[in-house]
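Open your viewer and get ready to click along the chain. We will pick out one piece at a time and see what surrounds it.

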Amino acid sequence: MCDLSQRRTGSPHWHAARATAHLRMAAVDFQLSLESEPVGSAYPNEPLAVTPDATVASALQLLRARRTGAVLVCDAVGLVGIFTERDALRLMADGADLDVPIADVMSAEPVTLSAKETVASAIKKMSEGGYRHLPIVEDNGQPSGVAAVHGIVHYLVDHFPDTIYNLPP
């Protein structure tokens, strides 16, 4: 049997052990939540869409007006591509004609997230592919949102402030 009369709750070692145990529990909760929460809970952007024949210039105007970093390119069937702020920077650096159809410069057949996928899945796909924006699509192929890095970071900070703020450097 443990002799608890010797326990010193005011000692720095006791506080450090308790803090470590608390961080472990928070990390477990953090992981479980990431693996069970749907990506739609990570503050996705509303889908902003254009048709494949829209010009790059018109897509840039939409990006600026909506203050977002990605526009989805959709035809009558569904999502066919994505055009992001990175694509825009590359085009402008190359001095490209902005009056060309977006279909000519978009990223075709983009990696997507199912609306049923988890926040953990979104983080993994974004990390592995170097993506800052991933379209979220429903079972019928129609886009329902765009997962963005800023939304995921916002979700992490809102839901796990103790874990995030206490991570080691």
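Start by selecting helix 2 (residues 56–66), where Val56, Ala59, Leu60 and Leu63 are buried (under 20% relative accessible area, with exposed meaning over 50%, using a 1.4 Å probe and protein chains only). These residues lie on the same side of helix 2 because they cover an arc of only 100 degrees around the axis, taken from the directions from the helix axis to the C-beta atoms. Helices (H or I, at least four residues) and strands (E, at least two) are DSSP runs, numbered from the N terminus.

A word on the model: it is predicted, local features need pLDDT of at least 70, side-chain atom pairs count only at pLDDT 80 or more, and totals for chains, interfaces and linings use all residues. Residues are numbered from 1 along each chain as its sequence is written, and side-chain values use heavy atoms, without hydrogens or water.

Just after helix 2, find Arg67, which has a positive phi of about 50 degrees.

Next, select strand 2 (residues 70–74), where 5 of 5 residues are buried. Ala70, Leu72 and Cys74 sit on one side, Val71 and Val73 on the other. In a regular strand, side chains alternate between the two faces of the sheet.

Look for Thr84, the bridge partner of Ala70. Finish at the hairpin's turn, where Gly78 has a positive phi of about 155 degrees.

Notes. Right-handed = clockwise from strand over helix to strand, strands pointing away. Pairing = 2+ DSSP bridges.
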